[in-house]
Amino acid sequence: EELCQYHISGTLKVAPEHVSPKVLARMRKPEKEVFEEFSKKYKETNEKLGLKQYMISYFISSHPGSDLNDAVELALFLKKTGFVPDQVQDFYPTPGTLATCEYYTEKDPFTGEDVYVAKTLEEKKMQRALLHFNKKENRAMVEKALKKIGRYDLIGVLR
């Protein structure tokens with residue numbers, strides 16, 4: 001209540017960044033259910049207080065650990081929740097971060113295990129297009145991504 005009543009001036013910006021359990025674990029973030037519960041509570045609290053405040057969520061494509069299947073999982077979540085992101089940030093390496101270390105080494109620095117990293121321009125475009133599946137100009141790229149991972153069942157669903 002205090003957050004909604006005293007610390008928001010109309011829009012709260014949050015960064016769940018992804019919903020795939022394996023990508024969230026790589027990001028050191030809690031599972032998507034924590035975000036869903038927070039969103040629900042935020043909406044309910046604003047209604048209770050009679051406030052018209054909104055929440056904008058930021059998502060990221062091609063984060064180390066994210067493959068096309070994870071991008072599809074995020075796209076389906078966006079479709080299910082009806083959220084259409086204005087912006088999707090592609091991962092780009094930032095000096096001094098754990099994710100950048102994983103990006104360049106393709107390894108988890110704590111365990112030494114391999115980390116999948118989308119590095120080709122084509123895959124990065126596919127992951128981004130999946131998060132903006134609703135845009136007409138992305139349809140061909142979304143279809144290409146779905147075919148690549150054998151998800152023919154979703155062609156036409158993600159529109």
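This is a predicted model: local features need pLDDT of at least 70, side-chain atom pairs count only at pLDDT 80 or more; totals for chains, interfaces and linings use all residues.
Me: How many cavities of 30 Å³ or more turn up in the whole structure?
Reply: A search of the whole structure turns up one cavity of 30 Å³ or more.

Me: OK, and which residues line the largest cavity?
Reply: Its lining is made up of Arg139, Val142, Glu143, Leu146, Ile155, Gly156, Leu158 and Arg159, and by class these are four nonpolar, one polar and three charged residues.

Me: Switching to helix 7, which of its residues are buried?
Reply: Helix 7 runs over residues 139-148, and its buried residues are Val142, Ala145 and Leu146. Seen down the helix axis, these buried residues fall within an arc of 95°, so they line one face of helix 7.

Me: And what covers the buried residues of helix 7?
Reply: The cover includes helix 4 (68-81) and helix 6 (121-131), whereas on the other side of helix 7 Ala140 and Lys148 are exposed.

Me: What comes just after helix 7?
Reply: Just after helix 7 there is Gly150, which takes a positive phi of about 75°.

Me: Where is His132 found?
Reply: His132 sits in the loop between helix 6 and helix 7.

Me: Is His132 buried or exposed?
Reply: His132 counts as buried, because its relative accessibility is 5% and the cut-off for buried is under 20%.

Me: What is His132 in contact with, leaving aside neighbours within four places in sequence?
Reply: With those neighbours left aside, His132 is in contact with Pro85, Asp86, Gln87, Val88 and Asn138.

Technical notes. Residues are numbered from 1 along each chain as its sequence is written. Side-chain values use heavy atoms; hydrogens and water are left out. Buried means under 20% relative accessible area, exposed over 50%, partly exposed in between (1.4 Å probe, protein chains only). Helices (H or I, at least four residues) and strands (E, at least two) are DSSP runs, numbered from the N terminus. The arc is that of the directions from the helix axis to the C-beta atoms. Contact means heavy atoms within 4.5 Å. On a 1 Å grid over the protein atoms alone, a cavity is a set of points where a 1.4 Å probe fits but cannot get out, and a pocket is an open set with protein on both sides within 12 Å along at least five of seven lines; lining residues have an atom within 4 Å of a point. Grid points are joined across faces, edges and corners, and a volume is the space filled by probe spheres set on the points. Ala, Val, Leu, Ile, Met, Phe, Trp, Tyr, Cys and Pro count as nonpolar, Asp, Glu, Lys and Arg as charged, and the others, Gly among them, as polar.
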